[in-house]
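Biologist: I'm new to this one. Could you show me the model, and then take a few questions about it?

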Amino acid sequence: MARRRPTQADVARIAGVSRQLVSLVVRGDPHVAPATRARVERALDELSYEPNSAARTLATNRSGQVGILVPDLTNPFHGELTELLVAALADNGFSAIIATGPDAARAGEVAARLPLLGVDACVLASPRLRAEEVEGLGRTLPTVVLTDDLHIPHTTLLRADNRWGLDRATRHLLTQGYDPVVFLSPPPRSAGDSVHLRTRGYRDVVEEAGFPPRVHLVDSSTTAREVAGHILQAHGPGVAFACHDDRTAVSVLMAVADAGLRPGADVGVSGFDNSSLAGLPGVDLTSVDQGLPHIDLDQVGHDVL
């Protein structure tokens with residue numbers, strides 16, 4: 001026979017207080033006297049009391065859950081960002097519902113569902129959404145957008161300076177004597193996709209230096225490796241690749257190895273994100289650091305909630 005779940009009335013009976021006072025302790029009300037709070041907390045522990053989330057939602061009109069939408073979790077940057085978000089939310093008493101939207105259709109479906117799931121707020125990382133979809137979500141729920149370059153009304157935006165980051169990476173490769181410097185990137189998937197400003201940052205530098213821009217958009221890691229291989233065949237040692245992200249840069253490193261060349265000594269390669277990929281043994285990739293571990297995600301949570 002299943003054991004009955006303990007209620008606040010059970011806790012109140014053991015602690016010798018009212019059920020209303022138990023509710024105040026469970027909600028963290030600061031006005032409860034310390035001695036009384038300690039007595040109630042002992043009773044909570046004794047009964048292994050777990051708050052009823054459905055009842056809490058009805059009572060407070062809050063679920064304690066935040067929706068997180070990312071393009072995918074195979075990209076190390078998005079995976080690491082999601083882990084940090086989940087930890088920051090947990091530190092503030094919230095749990096996360098994580099969904100992926102790798103393309104506009106899937107992302108749109110998820111965005112339409114988030115309010116129906118009863119989440120208190122949502123975080124969109126590099127969203128593959130139309131601007132009007134993001135704004136619509138922002139009108140419905142408190143919404144923070146991360147790593148996007150388009151500030152949509154009714155949302156809070158937190159991003160790196162993508163144009164400046166690719167400017168720095170491209171200048172670094174040019175000062176090392178590489179010629180030509182090629183920009184390799186996935187195609188943009190939304191109006192605010194960081195590809196737009198990262199491409200602009202690359203173009204600014206090579207045009208200033210008097211070189212023609214060489215921009216190649218690749219739709220997968222396999223294609224990136226193939227395109228990089230063709231470029232290496234055409235130019236050989238001395239060429240460099242300023243890549244949109246670390247995943248693309250690792251594909252380039254594979255092409256460099258396929259060609260029997262050495263990264264750094266023969267071919268320049270830079271990434272963006274400084275994800276865990278960049279520091280793997282045998283990779284040691286030069287990468288633009290977005291400062292992810294130093295982002296005040298608690299402040300993001302405050303802005304959302």
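This is a predicted model: local features need pLDDT of at least 70, side-chain atom pairs count only at pLDDT 80 or more; totals for chains, interfaces and linings use all residues.

Biologist: Let's begin with Phe241. Leaving aside neighbours within four places in sequence, which residues is Phe241 in contact with?
Modeller: Nonpolar side chains tend to be buried together in soluble globular proteins. Phe241 belongs to the largest nonpolar core, and is among the members that touch the most others there. With neighbours within four places left out, its contacts are Leu173, Val182, Leu184, Ala228, Ile231, Leu232, Val252, Val267, Gly268, Val269 and Ser270.

Biologist: Which elements give two or more residues to that core?
Modeller: The core has 21 residues, and besides Phe241 those touching the most other members are Leu184, Leu232, Val252, Val267 and Val269. The elements giving two or more residues are strand 6 (181-185), helix 10 (221-235), strand 8 (240-243) and helix 11 (246-258).

Biologist: Now the helices. Are helix 8 and helix 9 parallel or oblique to each other?
Modeller: The axes of helix 8 (residues 162-175) and helix 9 (residues 195-208) come within 7 Å and cross at roughly 40 degrees. Angles under 35 degrees would count as roughly parallel. The crossing is right-handed, and the two helices are therefore oblique.

Biologist: How many charged residues are in the contact of helix 8 with helix 9?
Modeller: Helix 8 brings residues including Arg163, Asp167 and Arg171, while helix 9 brings Arg198, Arg200, Asp204 and Glu208, among others. By class, the contact has six nonpolar and three polar residues, and the charged ones number seven.

Biologist: Is Ser126 buried or exposed?
Modeller: Ser126 sits in the loop between strand 3 (121-125) and helix 7 (131-140), with a positive phi near 45 degrees. Its relative accessible area is 12%, and the cut-off is under 20%, so Ser126 is buried.

Biologist: What is phi of Thr147 near?
Modeller: Thr147 is in the loop between strand 4 (143-146) and strand 5 (156-158), and counts as buried at 13% relative accessibility. Most residues other than glycine have a negative phi. Thr147 has a positive one, near 55 degrees.

Methods. Residues are numbered from 1 along each chain as its sequence is written. Side-chain values use heavy atoms; hydrogens and water are left out. A nonpolar core is a set of buried Ala, Val, Leu, Ile, Met, Phe, Trp, Tyr and Cys residues joined through side-chain atoms within 4.5 Å. Buried means under 20% relative accessible area, exposed over 50%, partly exposed in between (1.4 Å probe, protein chains only). Helices (H or I, at least four residues) and strands (E, at least two) are DSSP runs, numbered from the N terminus. Contact means heavy atoms within 4.5 Å. Axes are lines fitted to C-alpha atoms, for helices over the stretch in contact, and angles run from 0 to 180 degrees between N-to-C directions. Angles under 35 degrees count as roughly parallel, over 145 as roughly antiparallel, 65 to 115 as roughly perpendicular and the rest as oblique. A crossing is left-handed if the near helix is turned anticlockwise from the far one by less than a right angle, and right-handed if clockwise. Ala, Val, Leu, Ile, Met, Phe, Trp, Tyr, Cys and Pro count as nonpolar, Asp, Glu, Lys and Arg as charged, and the others, Gly among them, as polar.
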